[in-house]
Amino acid sequence: MTHHDPTLAADMQALLETQRAHSLKVPTAKDRIDRINRLIDLIADNKDALADAISTDFGNRSRAETLIADIGGTLTELKHAKSHLAQWMKPSKAKVDFPLNMFGGKARIEYQPLGVIGIVAPWNFPIYLAIGPMGEAFAAGNSVMLKPSEFTPATSNLMKTLIEQSFSPHEAVVITGGVETGVAFTKLPFDHLLFTGATSIGKHILHAAADNLVPVTLELGGKSPAIVTDNANQDTAAARIAAGKLFNTGQVCLAPDYALVPRENLRAFVDAVQGKIAAAYQTLQNNPDYTHIVSDRQLDRLKALVTQARDSGAEVIEVNPAGEDLSAINEKVMAPTIIVDPSADLDVMTDEIFGPILPVVPYDTLDQAIAFVNARPRPLALYVFSADAQDQETVLENTTSGGACINDTIMHSTQHSLPFGGVGPSGMGSYHGHHGFKLFSHEKAVYKQINMDSPFKPLRAPFGNKFKKAIAPMLKK
């Protein structure tokens, strides 16, 4: 049984109550932009220190990947929210139904802050998946309590220090700590809770939030497939699937988890992916561009997936161009690994991989590939590579996923106009851009009635013939 520190829980509850008391005064557009500007300054002014902290946590985290995802991605998200804030805050006009529209009835939707937003951020992109949604919560006029991952302690502690320097406790606080702290955090009565992480943990988050009726957005994962059709540009497909798989060494919820390719193209595709990987990473040891696995526990889990596949008789190809002995170094480095035609019941085909392993599964017809995807839980993303518009639509119309890309991987999540989220076991709810502003807002329906009262008298007791005449149109088929 897990025992919780009552003092810790009480302290967090006190912080939440402090924020809620201040949230009764709705921040103006100027206040919200000021908060977003402080986040922008925090990231931009400390980008080197933040990149160093992430690399410390990983053992080595590609600086280029940190700059494009955690630093650049976060700043882009924040600047987008800042530039669109005034428009987002405006009430939306709503249609008034006949006949009240003829008499001057008015309807609108107003966007009110929810209050206090709880954010539980993961370790794989510890800045982007913490500060990005924080910016959208600020845009919507909320205060934020952030629980970053205990698996990236250097980054989490630095974020805590920087946020405490830039924000008052009623605006934003960071709660660091391990599992016990995380469990207590998720039991707080937030006005909304955003969790990004594993599906297995997401179930516990939902249970914890239910006691306080806290609305929850879950950004989970799953096994995102990449379907390559026989008419696809095979070279481009291989390059983009390899790049998507090896960004952050596959420690990405949107990474292509496995590839489905026509049986006749199987060997050519495997060879092409192998070639793309070898060209990108000519060495693995001490390569600043090749990100390490975040922990020994994760590395052991990934190695076990490969061992099981090899023991089952599947073809296992480790792409190690320089032939380095990675077992001889005290680093969390794992060679990119292709598993050819694995059995569907292997762990590598049932569990989310979250590492540099790409199973390649042959299929005979496109319908067979679609059936393979649909026989499994709905994924966070689906990628279809095809030169034929009809094949693209066939795949998209006959599968369900949180999001999708045609002829690429991951890129849909970088578009601020698109909602980002899962479906079923890959998540619930979505955010990014305007979708994030609305997620963290209460859409309040407002109707202004007409002054004339005579149209409503037949709808009040005592009900007579005029009542029957008034509602007759409503009762028709």
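Visitor: Why does Met102 count as exposed?

Guide: This is a predicted model, by the way. Met102 has 60% relative accessibility, and exposed means over 50%, so Met102 counts as exposed. You'll find Met102 in helix α5, residues 100-103.

Visitor: What makes the nonpolar surface patch there?

Guide: Phe98, Met102, Phe103 and Met452 make the patch, which covers about 490 Å². Residues in a patch need over 30% relative accessible area, and Met102 is at 60%.

Visitor: How close do the axes of α2 and α4 come?

Guide: The two axes come within 10 Å.

Visitor: Which residues in α2 and α4 meet?

Guide: On the α2 side there are Ala29, Arg32, Ile33, Ile36, Asn37, Leu39, Ile40, Ile43 and Ala44. They meet α4 residues including Ile71, Leu75, Leu78, Leu85 and Met89.

Visitor: How do you know that Arg38 forms a salt bridge with Glu171?

Guide: The closest N and O atoms of Arg38 and Glu171 are 2.8 Å apart. The cut-off is 4 Å, so the pair qualifies as a salt bridge.

Visitor: What makes this a link between distant parts of the chain?

Guide: Arg38 sits in helix α2, while Glu171 is in the loop between α7 (153-166) and β5 (172-174). The two are 133 residues apart.

Visitor: Is Glu171 called buried or exposed, and why?

Guide: Buried: Glu171 has a relative accessible area of 9%, and buried means under 20%.

Visitor: Which residues are linked in a network of salt bridges with Glu171?

Guide: Asp34, Arg35 and Arg38 are linked with Glu171 in that network. The count for the model comes to 16 salt bridges.

Visitor: What makes Asp453 and Arg460 a salt bridge?

Guide: Again, it's the distance: their closest N and O atoms are 2.7 Å apart, within the 4 Å cut-off.

Visitor: Why are Asp453 and Arg460 called partly exposed?

Guide: Asp453 is at 34% relative accessibility and Arg460 has a relative accessible area of 40%.

How values were computed:
Residues are numbered from 1 along each chain as its sequence is written. This is a predicted model: local features need pLDDT of at least 70, side-chain atom pairs count only at pLDDT 80 or more; totals for chains, interfaces and linings use all residues. Side-chain values use heavy atoms; hydrogens and water are left out. Patches are made of residues with over 30% relative accessible area and no salt bridge: like charges are joined within 9 Å, nonpolar side chains (Val, Leu, Ile, Met, Phe, Trp, Tyr) within 5 Å. Accessible areas come from the Shrake-Rupley method with a 1.4 Å probe; for residues, only the protein chains shown count as cover. A salt bridge is a side-chain nitrogen of Lys or Arg within 4 Å of a carboxyl oxygen of Asp or Glu. Helices (H or I, at least four residues) and strands (E, at least two) are DSSP runs, numbered from the N terminus. Buried means under 20% relative accessible area, exposed over 50%, partly exposed in between (1.4 Å probe, protein chains only). Axes are lines fitted to C-alpha atoms, for helices over the stretch in contact, and angles run from 0 to 180 degrees between N-to-C directions. Contact means heavy atoms within 4.5 Å.
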